[in-house]
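Hi there,

Here is the structure I promised to pass on to you. Have a look at it first, and then read my notes below.

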Amino acid sequence: MSTGVPVVHTCGKATPCDRCSGKVATGRICFQIPKLKNGFTSHPIFCVACTADIIGQTKAELTAIEEQALMHL
């Protein structure tokens with residue numbers, strides 16, 4: 001089940017990153033990555049650095065799953 005796709009967002013006001021709690025300044029680029037919580041989808045804000053870390057971790061996890069799947073073909 002997909003909760004949606006990440007979107008590029010420009011902060012309308014200074015907003016804390018949901019991961020590192022660092023401030024994303026007004027007018028700066030950030031990312032909203034959908035997150036399922038309590039049956040509802042929220043769209044927390046992530047700074048660029050945390051978004052890059054999240055993407056890197058996701059790639060590593062998907063690569064591991066892909067390798068396991070290919071071994072069972």
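**Salt bridges and a surface patch**

R19 is partly exposed, with a relative accessible area of 46%. Please keep in mind that this is a predicted model.

What does R19 pair with? Its side chain meets that of D53 in a salt bridge, at 3.4 Å from N to O. D53 belongs to helix α1 (residues 48-71), while R19 sits in the loop between β2 and β3, so this pair ties together parts that are 34 residues apart in sequence. D53 is also partly exposed, at 45% relative accessibility.

In general, side chains with opposite charges can pair when their charged atoms come close.

The count of salt bridges comes to two. In the other one, the side chains of K35 and D18 meet at 3.8 Å, again N to O. Here K35 is in strand β5 (residues 35-37) and D18 is in the loop between β2 (15-16) and β3 (23-24), so the two link parts that lie 17 residues apart in sequence. How accessible are these two residues? K35 has a relative accessible area of 39% and is partly exposed; D18 is partly exposed too, at 43%.

V8, I29 and V48 make a nonpolar surface patch of about 260 Å². You can find V8 in strand β1, which covers residues 7-10. Is V8 buried or exposed? With a relative accessible area of 57%, V8 counts as exposed, because that value is over 50%.

Enjoy exploring it, and write back with any questions!

Best wishes

Terms used:
Residues numbered from 1 in each chain as written. Predicted model: local features only at pLDDT ≥ 70, side-chain atom pairs only at ≥ 80, totals over all residues. Heavy atoms only, no water. Patch = residues over 30% accessible without salt bridge, like charges linked within 9 Å, V, L, I, M, F, W, Y side chains within 5 Å. Areas by Shrake-Rupley, 256 points an atom, 1.4 Å probe, with all protein chains shown as cover. Salt bridge = Lys/Arg side-chain N within 4 Å of Asp/Glu carboxyl O. Helix = DSSP H or I, 4+ residues; strand = E, 2+ residues; numbered from the N terminus. Buried < 20%, exposed > 50% of the residue type's maximum accessible area, 1.4 Å probe, protein only.
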